[in-house]
Amino acid sequence: MTLLAHDRYCDEIAHQVGLLRAVVTSGADLSVTVPTCPDWSLERLVRHTGGALRWVELMVRTRAREEVPEDQVPLGEGPEDAGELDAWLAETGDALVATLREAGPDTEVWSWAGVPTSGFWARRMAHELTVHRADATLAAGQPYEVAPEIAADAIDEWLQIVEFAQRTMPDDESRELRGPGRSIHLHATDTSAELNAEWLIRFTEDVIDWRRGHEKATVALRGPLTSVMLAFYRRLPLDSPQLEVFGERKLLEFWLERASFG
C-alpha cells in the first residue's frame, strides 16, 4: 500500500469541493433528509463538511500542536443565509488547498490518528469530501462517480484507522470481531491489475490486520470499485444489484456495524 502524492490529495480536495458545490447549485432541496445520515438535512451535511474543511485549514495554517475547538473556527457553521453556501464552500476549498500546498506533506500538525502531519490532513479531507459528497448526491438523487485510485485509497485509509483504533482504544467496538478463522475479502471487478483493488482483512485473537491482494476468505464482497467503497463505508446496501456477497454474510454485516467510519 502506497499513499498518493500530497499534491494529488490537494487536487482531489479542489475537485470534490467543486462537485459538492454543483450539488448545492443544482436546485436540489436543501431541506431533504440525507438517507445515509438521517439526522441531517442536505443543508446540514454541507455545513458540516465545509466546517470540517475550515477547521483543518485553521489547524494547518497555525501549525496547531493540540486540537482546536470547533467553536473557535471563523465561519465554521457557514453563512446564516443558505443562499450563500456555494460562495462559502468555494472560499473554504480554495483556502484549504492553498494552505495544504504551502505546508507540504511533512509539516507537524496535531491529529487524532497518530500521524501528526499536514499530509495526514490532506488525505483525511480528500476522503471526508469523497464520502460526504456521496451522501449529498444520494440525498439529491444524482449520480456519483469517483476516481479509482481515490476510492481504493479511501478503503486503505479506513482500514488504517481501524488498526489505529484497536491499538489505542481499548473499548473500540472492532475488538468484538477478533477471533480465529475469520476474514473478509473485498474484490473490485472493474479495475486494472496495476491498481490491485482487492483486500484481505484477517481477524485473529489479538489484532485485525489487512493487506492488498486476492485470497480466499470467510466472506467476500465483489462489485465495481466505487460500489465496494460505498458499501464498505455503509453508503450502499449489501443487497444492491451491483454487489455480490459470497460466504458468511453475517460476518461482513457485523464488521460494518462494529467498525463503521465516516
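**Rings and the core around them**

Guide: The count comes to 10 aromatic pairs, where rings of Phe, Tyr and Trp (its six-membered ring) pair if their centres lie within 6.5 Å; planes under 30 degrees apart count as stacked, over 60 as edge-to-face and the rest as tilted. This is a predicted model: local features need pLDDT of at least 70, side-chain atom pairs count only at pLDDT 80 or more, and totals for chains, interfaces and linings use all residues. Residues are numbered from 1 along each chain as its sequence is written, and side-chain values use heavy atoms, with hydrogens and water left out.

Start with one pair. The ring centres of Trp55 and Trp110 are 6.2 Å apart and the planes stand at 70°, so this pair is edge-to-face. Trp55 sits in helix H2, while Trp110 sits in the loop between H3 and H4, so the pair ties together parts that are 55 residues apart in sequence. Helices (H or I, at least four residues) and strands (E, at least two) are DSSP runs, numbered from the N terminus. Ring pairs join Trp55, Trp110, Trp112, Phe120 and Trp121 into a cluster.

Trp55 has a relative accessible area of 10%, so it is buried. Buried means under 20% relative accessible area, exposed over 50%, and partly exposed in between (1.4 Å probe, protein chains only).

Now widen the view to the core. A nonpolar core is a set of buried Ala, Val, Leu, Ile, Met, Phe, Trp, Tyr and Cys residues joined through side-chain atoms within 4.5 Å. The largest one holds 43 residues, and Ile13, Leu42, Trp55, Met59, Trp121 and Met125 touch the most other members. Helix H1 (6–24), helix H2 (42–62), helix H3 (85–103) and helix H4 (118–140) each give at least two residues to this core. H2 supplies the largest share, 10 residues. In soluble globular proteins, nonpolar side chains tend to be buried together.

Take Leu42 next. Setting aside neighbours within four places in sequence, Leu42 contacts Val23, Ala28, Asp29, Leu30, Val32, Val34, Ala136 and Ala139. Contact means heavy atoms within 4.5 Å. Another core lies apart, with 38 residues, among them Val131, Ala151, Trp255 and Ala259.

The Thr137 side chain reaches the backbone oxygen of Ala134 at 3.0 Å. Beyond residues up to four places away in sequence, Thr137 touches Val23, Gln142, Pro143 and Tyr144. Ala134 is in helix H4 too. At 1% relative accessibility, Ala134 also counts as buried. Ala134 and Leu20 are 114 residues apart in sequence, yet 9.1 Å apart in space, C-alpha to C-alpha.

Last, go back to Trp255, named in the other core. Helix H7 (residues 249–258) has Leu251, Leu252, Trp255 and Leu256 as its buried residues. Down the axis of H7 they fall within an arc of 135°, so they line one face of the helix. The arc is that of the directions from the helix axis to the C-beta atoms. An α-helix has 3.6 residues a turn, so residues three or four places apart point the same way.

Definitions and conventions. Polar contact = N/O pair within 3.5 Å; in protein donor to acceptor, adjacent residues only side chain to side chain.
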